[in-house]
Amino acid sequence: MFTCKLPFPADWEQRLQEVLLQHRSLRHKKVYICSPCFAKSWVGVYRNMLASRFYMYFVWLHMQTVAVAPHGYMPMLFDDDNTAERFSAMSIGGSILSHCSALYICGDKITRGMRGEIKEAAKRKIPVVLFNPALKAEVMDILGDVRGSKRRFKLNTEHEELGMNAEQLFEEAPENA
């Protein structure tokens with residue numbers, strides 16, 4: 001079990017579900033959350049899943065935009081260690097990305113999967129927004145492979161929480177909590 005380190009309501013995940021159900025009319029304009037999922041342990045993957053769902057809620061709360069993060073749920077449905085299942089999950093993510101108006105890069109590192117999502121967004125001419133300035137050179141390098149994609153890039157330092165990693169956002173709760 002993990003608890004959020006930031007001053008957020010304890011029921012933030014329930015509120016996220018309510019937002020997604022109540023604001024179906026806003027779904028025509030949604031953003032794709034691109035953040036780390038891979039970790040060396042299942043506990044790390046789970047913490048990254050929580051972080052991606054946190055980013056979804058944060059984007060709604062502070063930007064009034066519906067955000068989607070397939071990797072916030074996919075690891076419960078697909079085995080990342082199984083090549084065929086990983087391919088299926090990545091294909092679903094790519095399909096969801098094609099319906100989004102922007103890709104938001106959250107967290108403090110770029111994983112192999114994120115690299116692919118960033119390239120896919122660039123190829124589809126989907127704007128890319130980065131929240132952690134330390135990753136700018138790496139993202140610009142990825143975008144450099146796709147003609148014109150740097151013009152659709154934006155660095156947003158207004159919401160530093162979106163540049164935080166899962167360990168900065170969530171701590172393990174004591175067993176008896």
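Lysine 125 lies in the loop between helix H5 (112-123) and strand E5 (128-130); helices (H or I, at least four residues) and strands (E, at least two) are DSSP runs, numbered from the N terminus. The residue has a positive phi of about 60 degrees although it is not a glycine. This is a predicted model, in which local features need pLDDT of at least 70 and side-chain atom pairs count only at pLDDT 80 or more, while totals for chains, interfaces and linings use all residues. Residues are numbered from 1 along each chain as its sequence is written, and side-chain values use heavy atoms, with hydrogens and water left out.

**Whole chain**

- The secondary structure comes to seven helices and seven strands, and along the sequence they follow the pattern β-α-β-α-β-α-α-β-α-β-α-β-α-β.
- The radius of gyration is 16 Å, which agrees with the value near 16 Å for a compact globule of 177 residues; the radius is taken over C-alpha atoms, and the globule rule is 2.2 Å times the number of residues to the power 0.38.
- Along the principal axes, the C-alpha atoms fill a box of roughly 55 × 35 × 30 Å.
- Of the 177 residues, 49% count as buried; buried means under 20% relative accessible area, exposed over 50%, and partly exposed in between (1.4 Å probe, protein chains only).
- Among contacts (heavy atoms within 4.5 Å) between residues at least 6 apart in sequence, 73% join residues at least 24 apart.

**Surface and charge**

- The accessible surface of the chain comes to about 9,800 Å², and 51% of this belongs to carbon and sulfur atoms; the areas come from the Shrake-Rupley method with a 1.4 Å probe, and for residues only the protein chains shown count as cover.
- The chain has 23 positive and 20 negative side chains, with the centres of the two sets 11 Å apart.
- In this count Lys and Arg are positive and Asp and Glu negative, while His and the chain ends are not counted; a charge is placed at NZ of Lys, CZ of Arg, CG of Asp or CD of Glu.

**Exposed loop residues**

- Lysine 125 counts as exposed because its relative accessibility is 57%.
- Glutamine 64, in the loop between helix H2 (42-63) and strand E3 (66-68), has a positive phi of about 50 degrees although it is not a glycine.
- Glutamine 64 has 51% relative accessibility and therefore counts as exposed.
- Lysine 29 is in the loop between helix H1 (12-22) and strand E2 (30-34), and at 52% relative accessibility it counts as exposed.
- Leaving aside neighbours within four places in sequence, lysine 29 is in contact with Thr65, Val66 and Ser101.

**Histidine 71**

- Histidine 71 is found in the loop between E3 and helix H3 (74-77) and is buried, with a relative accessible area of 9%.
- Its side chain makes a polar contact of 2.8 Å with that of serine 35; a polar contact is a pair of N or O atoms within 3.5 Å, where within protein one must be able to donate a hydrogen and the other to accept it, and residues adjacent in sequence count only if both atoms are side-chain atoms.
- Not counting residues up to four places away in sequence, histidine 71 touches Ile33, Cys34, Ser35, Pro36, Cys37, Met49 and Ser52.

**Glutamate 138**

- Glutamate 138 is in helix H6 (residues 136-143) and is partly exposed, with a relative accessible area of 30%.
- Glutamate 138 touches Ile110 and Arg115, not counting residues up to four places away in sequence.
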